[in-house]
Amino acid sequence: MTVNILFSARPALWPVYEPLLTKYLTEAGLEFQLGTELAPEQVDYIVYAPNGGLLDFAPFTQLKAVLSLWAGVEKIAGNETLTVPLARMVDHGLTQGMTEWVVGHVLRYHLGMDRHITVQDGVWTPEIPPLATERKVCILGLGALGEATARTLAALNFDVMGWSRSAKDIPGVTCMHGADGLRAALSQAEIVVLLLPGTPATENTLNAETLALMPKGARIINPGRGPLIDDDALLAALNSGQIGHATLDVFRIEPLPADHPYWTHPNVTVTPHIASETRPETAAQVICENIRRGEEGEPFLHLVDRNLGY
Ligand code: NDP
């Protein structure tokens with residue numbers, strides 16, 4: 001029987017994904033029809049990103065699953081017209097990209113790179129950075145991206161702590177959970193990396209109270225989601241010196257408005273949501289594996305818990 005797959009994402013991605021999905025669906029031995037415009041009542045699977053514009057899933061009466069191209073599903077997890085399984089993207093390329101981005105920014109802070117890269121003032125001021133073993137880094141969120149990042153930082157000998165909703169056991173990483181765990185982790189962390197999903201429970205994880213727990217001058221790296229941070233509280237903490245610097249990749253409003261104070265704050269680096277991208281070659285394999293599973297009655301990979309929102 002023919003499997004009908006609708007591709008609903010940014011139109012520019014279609015020519016990239018079409019040959020890859022065709023290749024891996026064929027390798028999986030599936031008979032399929034793949035397109036950007038299929039009759040809704042025929043569609044079995046939707047390969048989905050929110051910027052494709054699809055919001056109403058009600059007309060898709062035969063739908064078996066929605067397969068997200070994005071890791072973050074906050075824009076779709078609460079959609080009441082979606083009543084079939086929703087799988088999010090866990091992709092080796094995406095994970096590798098995030099690990100590289102976070103490690104780069106952690107090393108920037110750890111080694112004090114700005115001091116010598118941005119200031120070439122003729123003044124010879126040697127300051128030897130500590131070794132990574134003496135640098136406490138905390139990763140908030142120990143999922144696909146957070147765990148890989150924590151393991152890589154631990155392999156570089158950083159003193160790594162991690163925090164998640166449920167208890168974890170990751171070699172080389174001091175794992176904490178729950179409200180007490182967050183307080184314990186933040187009160188020690190010199191560098192905090194946010195890799196939590198955007199959900200009602202994670203909103204404003206960093207707020208005036210939690211920012212105040214951190215050691216004075218601590219640094220923040222946020223490639224997770226904008227609403228994880230209370231922006232007014234962060235700006236106040238930056239202005240008082242409680243927080244030394246923040247590198248922010250994600251924001252409540254994207255693109256970040258040109259008049260937002262983050263752009264001009266001397267202790268903020270803004271990057272335009274580029275920490276990591278879904279990589280088509282590896283992501284297409286994940287999507288096709290999930291379609292194969294669906295057709296063979298096997299459980300889907302990377303299912304979203306709609307109650308938790310991630
Ligand atoms: P996962 O779902 O695999 O991991 C989420 C982690 O957050 C889990 O460890 C989970 O805990 C933890 N968590 C969730 N809710 C809470 C809570 N209330 N309290 C404590 N911990 C919590 O997600 P990924 O690692 O794949 O991705 C993380 C996020 O990164 C995405 O949701 C997305 O927002 C962002 N992202 C950003 C990109 C960028 O370019 N800037 C690119 C890709 C993703 P537990 O393990 O116990 O469930």
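The notes below are grouped by topic.

This is a predicted model, in which local features need pLDDT of at least 70, side-chain atom pairs count only at pLDDT 80 or more, and totals for chains, interfaces and linings use all residues. Residues are numbered from 1 along each chain as its sequence is written, and side-chain values use heavy atoms, with hydrogens and water left out.

**Domains and their interface**

- The domain assignment, whose bounds come from an automatic or database source, divides the protein chain into domain 1 (3-91 + 278-296) and domain 2 (92-270).
- The centres of domain 1 and domain 2, taken over C-alpha atoms, are separated by 33 Å, and ten residues of domain 1 are in contact with eight residues of domain 2 (contact means heavy atoms within 4.5 Å).
- About 720 Å² is buried between domain 1 and domain 2, 54% of it on carbon and sulfur atoms, where buried area is the accessible area (1.4 Å probe) that two parts lose on being put together, summed over both.
- On the side of domain 1, Glu 74, Asp 91 and Arg 279 lose the most area to domain 2, together 56% of what that side buries.

**Salt bridges**

- The structure holds 15 salt bridges, each defined as a side-chain nitrogen of Lys or Arg within 4 Å of a carboxyl oxygen of Asp or Glu.
- The count between domain 1 and domain 2 is one salt bridge.
- Arg 225 forms a salt bridge with Glu 74, with the closest N and O atoms 2.7 Å apart.
- Lys 64 pairs with Asp 44 in a salt bridge whose closest N and O atoms are 3.7 Å apart. Lys 64 lies in the loop between β3 (45-48) and β4 (65-68) and Asp 44 in the loop between β2 (32-35) and β3, so the pair ties together parts that are 20 residues apart in sequence; helices (H or I, at least four residues) and strands (E, at least two) are DSSP runs, numbered from the N terminus.

**Backbone features**

- The peptide bond from Glu 254 to Pro 255 is cis, with omega near -5 degrees, and Pro 255 is found in the loop between β11 and α8 (261-264).
- Asn 157, although not a glycine, has a positive phi of about 80 degrees, and Asn 157 lies in the loop between α4 (144-155) and β7 (159-164).
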